[in-house]
Amino acid sequence: MKQLQSSWKFVRVYPVVPLILIGLLVFAAVFAELITTNNGEGGDLFYRNFPPSWYENGSTYYILGADPLGRDVFARVIFGARISLMVATIVLSLGGLIGTLIGLIAGYKGGQIDELLMRFVDLTFAIPFILVALVVVIVLGQSMSVIVLLLIIFSWGAFARQIRGESLALKGRDYVSIARISGASTPYILWKHIFPGVVNTLFVIGSLRVGSLILTESVLSYLGVGVPPPTPAWGAMVSDGRDYIATAWWVTFFPGLAIFLTVMAFNFLGDWLRDYLDPRLRQLRE
Amino acid sequence: MKHYIKLGLIAFGLFAVFAFSACSSDEETTTTEAPAPAAKEAPAKEAPKPTATSAPKKEAPAKEEAPAKTVTQDVVIGVPAICPPIFNNRFLTGSCFERVQMWGFTEGLTWMKHAPIPVQVDEDVPEKSMVESWEHDDTANTLTWTIREGIKFHNPDFGTVDAEDIAFSFNEAMAEGSTFNRAGQLRAWIVSIEAKDGKVFIQCKDTGCQKDWIRQQSNYNGQTASITSKDAFDQLGEEASLADLDNMTGPFRATKWVAGSTIESVGVKDHWRHPPHLDSMTFVEIPETSVRTAALVNGEIHLSDLPPKFVAEAVEKSGGSAQQIGGGKGQGWFASGQFWAQTDYLGAAGEGNDPAARPGYMHDDDHPWIGEWGNDESMERAHKIRKAMGHMVDGEKLNNAIFGGLGSAAPLAYFGWTPDMPEWKDEWFIDYDPDKAQALLDEAGYSDCFTVPYWIPPDVTVVIDPEFAEAVAQFWSDGGCKVEIEKTAYSARRPTLVSRDLNVFFAWNTAGAASPKDTNGVGPWVPRAGSWNGGFEFPDELGKLHPVIDAEPDSDKRRAYNEQVTGFVADWHIFISKVESTPYWALHPTVAEWNPYQGNIPYFGNPQTIKMKE
Amino acid sequence: MRTFIIRRVIYGLAVVWLVSFIVFGLSRAAGDPRDLYIDEYTTTESWEAMGREMGLDKPLIVQYTLWFGNALTGDFGRSMYHRTSARAVIGERIRPTLELTLGGLFFAVITGFPLGVLSAVRRGSVWDYIGRTFALYGQALPAFWLGVMLILIFSVQLKWLPTSQRGDWTHFILPGITLGWGASAAFVRLVRSSMLEVLDSEFVVLARAKGVATRWIVWKHAFRNALIAPMTFAGVLLAAYLTGTVVTETVFAWPGLGRLAVQSVFNNDFPIMTGVVMIFAGFFVIANFIVDLLYSWADPRIRLE
């Protein structure tokens with residue numbers, strides 16, 4: 001009984017559920033080949049829109065059914081985790097890096113540089129991303145790398161805005177002023193004093209943006225410029241299967257569920273990180 | 001405690017999503033579960049099949065047809081796209097021109113009778129036409145048209161159709177800078193066209209007047225010059241007259257026309273040719289297939305353009321029927337990059353017309369399907385590769401799965417040649433035979449196949465079903481090839497076709513007519529320099545035939561030329577067709593009758609024949 | 001304050017100018033627009049005639065100057081596809097998009113704010129989780145899937161609402177939800193977190209200690225302060241809205257700007273494409289400017305130097 005109570009407490013204080021989900025996601029992405037022998041890219045038309053295994057005429061071979069081209073939905077969802085995770089990792093780390101750098105400099109330097117950089121951020125918001133993406137894909141051709149590049153361009157602005165605010169606040173702190181007076185170089189101050197102060201924010205934004213990245217990818221597929229088939233990307237799966245929502249719900253439901261669970265896990269983790277990393281809130285919690 | 005509530009709620013939420021999906025699908029599961037391909041969701045091929053069982057159960061026809069309305073006949077038609085209002089031939093663009101005329105707003109010079117399926121139009125037997133009589137002077141090489149009197153434009157200010165209007169409409173179509181699709185075809189035989197003494201007088205070129213002008217200027221192709229008013233042009237000016245909704249003579253008079261949204265129109269009850277049954281006709285643009293289906297089931301629209309695989313579902317759920325329009329089209333692919341022209345034989349527009357420097361003409365080891373014209377070894381190897389790609393694909397299975405068995409995997413060659421025609425050659429047909437495919441690959445020196453770049457245009461579903469195209473890629477993968485799919489919009493890629501950059505496999509249909517049988521005299525579609533093409537160009541001796549065919553008066557000779565030119569594509573298997581798919585429209589049960597024009601393009605037509613149930 | 005406004009106006013114009021530069025570059029990078037209009041019968045003469053009509057015969061810099069000069073007066077050129085002025089085509093579409101946007105915003109506000117407040121005030125309760133789950137759906141459901149789903153449930157199954165098209169108020173419900181849910185989710189999250197922050201702040205704790213009624217605290221102090229964050233978010237929201245309208249307008253066959261813009265890219269119809277982008281950029285800059293002003297007005301602590 002006591003043990004049970006303490007494990008309750010554990011679950012309450014730490015983000016166990018999100019971490020388990022993210023763990024599963026990473027596991028699926030890394031060991032996809034071990035989980036399913038089928039890579040989800042090939043199919044047999046005979047099994048077009050084959051129902052999931054619990055249907056009377058389903059088969060255990062297609063646990064979650066098959067899509068209109070007879071491809072295994074389960075395998076595609078599992079391998080889709082790899083694509084989604086890869087895209088999210090690359091985009092968020094590069095977008096985060098660029099955004100953080102610009103945000104740090106803008107916030108710390110202030111004045112004209114700040115204004116200039118922030119208007120530059122405005123610029124990326126002011127141009128409708130989706131139209132730029134269409135033109136770029138039409139000109140450069142459809143490929144995974146083009147899509148990743150576009151998503152990076154699309155995502156750094158949000159980081160820059162937030163980090164700038166944080167670094168603006170940190171700039172005024174005593175220890176930063178002291179460092180400056182004692183003659184430390186700007187890169188040094190940024191790296192040693194300001195950056196550690198914004199790492200939390202960085203993680204929080206990153207975890208919260210995973211969802212919008214996956215959804216953006218799906219909209220690109222919807223407009224016909226997304227991840228090229230037969231690569232199993234969740235967004236593309238939902239988009240390509242949308243004509244079958246009424247007749248073969250499993251084609252869109254399971255990739256949709258995967259998106260949902262991933263977004264949920266990262267959101268809860270982000271919320272928890274925010275609470276946990278904010279000392280004031282942590283105090284309240286205890 | 002917190003997290004357990006959270007978990008519970010999430011579970012509940014998921015359940016809600018699940019229930020959403022399930023509740024919307026439970027009714028259909030019976031049709032979708034059955035994996036047996038052929039039997040599944042198949043209304044018989046003679047599709048008009050009002051399912052008596054489901055009709056009364058669901059649809060309350062009174063719902064959208066208010067009882068008081070029994071005196072009026074109104075129809076709403078759901079289409080994937082509505083083009084801008086452009087009623088001057090000079091400014092019509094490729095993808096839009098047929099709608100203005102086929103949809104009942106403008107009219108061409110002649111009008112062919114409605115024909116049932118299979119498409120077979122009696123030559124030279126038009127329905128009542130604008131041209132009342134004609135004279136053909138062989139020695140002077142002229143043609144004179146006498147115009148029927150009393151054909152009113154929708155706006156009385158523009159008067160009735162006279163010789164001036166006809167000459168004006170044709171001259172606009174042929175004008176310099178015209179984007180009218182058939183401008184070149186008209187220029188090919190017309191030197192000048194003018195109004196003289198109340199008649200239209202045409203001076204033809206030395207090669208003679210177009211022999212089958214009656215058919216060519218009719219709605220047969222849905223691509224002929226629409227007759228608009230010269231008075232409107234004079235009174236309103238170019239800008240205003242080209243979009244003037246009353247600048248037309250069709251059985252429907254448009255009252256509102258918003259591109260990308262709606263067209264509202266009223267029936268012209270005293271129409272000179274064919275008064276419509278309908279009082280009003282509305283077109284609405286609904287791009288999503290599933291939403292068009294939903295709107296049809298709900299009775300918000302009464303006729304809709306749906307891919308064959310969704311027609312059965314729509315018919316079953318709405319209790320309505322299906323209507324075939326036009327003959328089938330071969331779904332298949334081009335092995336593009338075969339730019340075999342030696343000279344720039346037509347003096348084309350734009351850059352990149354140097355035939356020696358076609359950017360896509362890469363007959364190297366990375367493009368084994370492209371042959372080098374004049375190099376027998378290279379040509380032979382490429383031919384083997386192209387045939388191998390065909391042998392890998394199972395047309396029967398594609399038809400059963402993707403087209404619900406509504407199409408046919410029967411032999412069909414480029415441009416619609418079928419085995420019952422005398423010109424047919426058995427080697428044109430590539431059957432499903434993986435062993436033969438492997439043997440051919442071995443012979444060509446590509447035992448492990450190669451990287452196949454493959455373009456699928458997802459947005460021109462009337463032409464090619466993207467799902468079919470993706471399934472073809474699956475067969476190639478099964479055959480050991482590494483397929484790299486590019487799925488980008490047709491219009492986005494079209495410029496690379498024009499500039500001769502394209503050297504990939506690309507999904508398309510048999511292009512053009514339903515079958516040569518029906519296009520007896522019609523010139524074949526021959527790709528030229530500076531234009532759209534299937535990613536290939538004919539060697540000179542064939543390429544030079546184009547103007548000859550355009551002007552050839554004898555239909556047997558034209559057919560022979562057709563065989564020579566399009567047969568060449570089939571001989572070399574530049575295009576391979578796997579399934580002949582038939583276009584259908586879905587009809588709501590409130591539609592009593594509709595006799596669409598069975599032209600060679602499966603577009604909506606003959607709206608004046610639509611009758612609603614009262 | 002005055003220098004701030006002047007500076008922001010100048011910077012705003014600079015942003016619009018840069019956007020014009022980029023969009024013009026994009027429109028030329030997308031290929032020769034004439035390629036879309038030629039066919040097997042096009043002659044060199046008509047090719048050049050088309051070029052003259054579209055102004056393609058001049059050097060790029062001249063083309064840009066002419067285009068930008070005209071764009072400033074609201075003239076984006078003549079659409080090749082529509083054969084009429086791009087302004088007329090765009091003008092026709094602005095209203096439907098604005099209506100749809102307002103419908104979406106309405107849904108977002110009436111659901112997002114109450115749920116955000118509730119989940120903050122009753123932190124840890126069922127309401128909190130309802131609010132957060134609701135927000136999750138908004139963030140995790142692709143709009144085209146949600147839209148078709150809503151149509152299947154409310155139009156096909158229940159027959160309560162029309163499937164698509166513009167029309168009376170019933171036509172706004174499904175597209176409004178589809179477009180607004182994402183924004184609503186953002187509101188729930190923002191309102192909740194800023195409410196929590198305010199509720200935990202010293203002055204509220206103090207007020208509570210003084211015995212001020214909780215309800216009064218929530219509405220009088222916390223809510224008003226908590227409005228600031230969602231307000232600043234409005235700028236980002238606007239940027240995301242065009243993407244949202246593209247999908248929603250396509251699913252619900254809504255004749256708006258988003259779909260027009262996407263089609264213009266596919267049609268290589270750059271007068272329309274550039275026009276929509278310029279209007280959007282102008283709109284964005286103005287809205288952001290207003291948000292900044294409101295922000296400083298709502299929160300006097302923020303100085304606009």
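A disulfide is taken here as a pair of cysteine sulfur atoms within 2.5 Å. By that criterion, the structure holds 2 disulfides over all chains. The structure is a predicted model, in which local features need pLDDT of at least 70 and side-chain atom pairs count only at pLDDT 80 or more, while totals for chains, interfaces and linings use all residues. Residues are numbered from 1 along each chain as its sequence is written, chains are lettered from A in the order in which they are written, and side-chain values use heavy atoms, with hydrogens and water left out.

Helices (H or I, at least four residues) and strands (E, at least two) are DSSP runs, numbered from the N terminus. Cys449(B) has a relative accessible area of 8% and Cys481(B) one of 6%; both therefore count as buried (under 20% relative accessible area, with exposed over 50% and partly exposed in between; 1.4 Å probe, protein chains only). The other disulfide joins Cys204(B) to Cys209(B), S to S 1.9 Å.

Attention now turns to the interior. A nonpolar core is a set of buried Ala, Val, Leu, Ile, Met, Phe, Trp, Tyr and Cys residues joined through side-chain atoms within 4.5 Å. The largest such core has 169 residues, and those with the most contacts inside it are Trp234(A), Val19(C) and Val251(C). Helix H11 (residues 250–277) of chain A gives the largest share of this core, 15 residues. Apart from it lies another core, of 73 residues, among them Val472(B), Leu502(B), Ala507(B) and Leu542(B).

In chain B, Thr262(B) lies in strand S9 (residues 262–267) and counts as buried, at 10% relative accessibility. With residues up to four places away in sequence left out, Thr262(B) touches Ile82(B), Lys256(B), Trp257(B), Phe283(B), Val284(B) and Gln165(C). Helix H10 (residues 308–318) of chain B is largely enclosed by the rest of the structure, because 10 of its 11 residues are buried. H10(B) is followed by Gly319(B), whose phi is positive, near 75°.

Chain A comes to 12 helices and 0 strands. Its C-alpha trace spans about 75 × 65 × 30 Å along its principal axes, and 58% of its 286 residues count as buried. Among contacts in chain A between residues at least 6 apart in sequence, 69% join residues at least 24 apart.

Definitions and conventions. Contact = heavy atoms within 4.5 Å.
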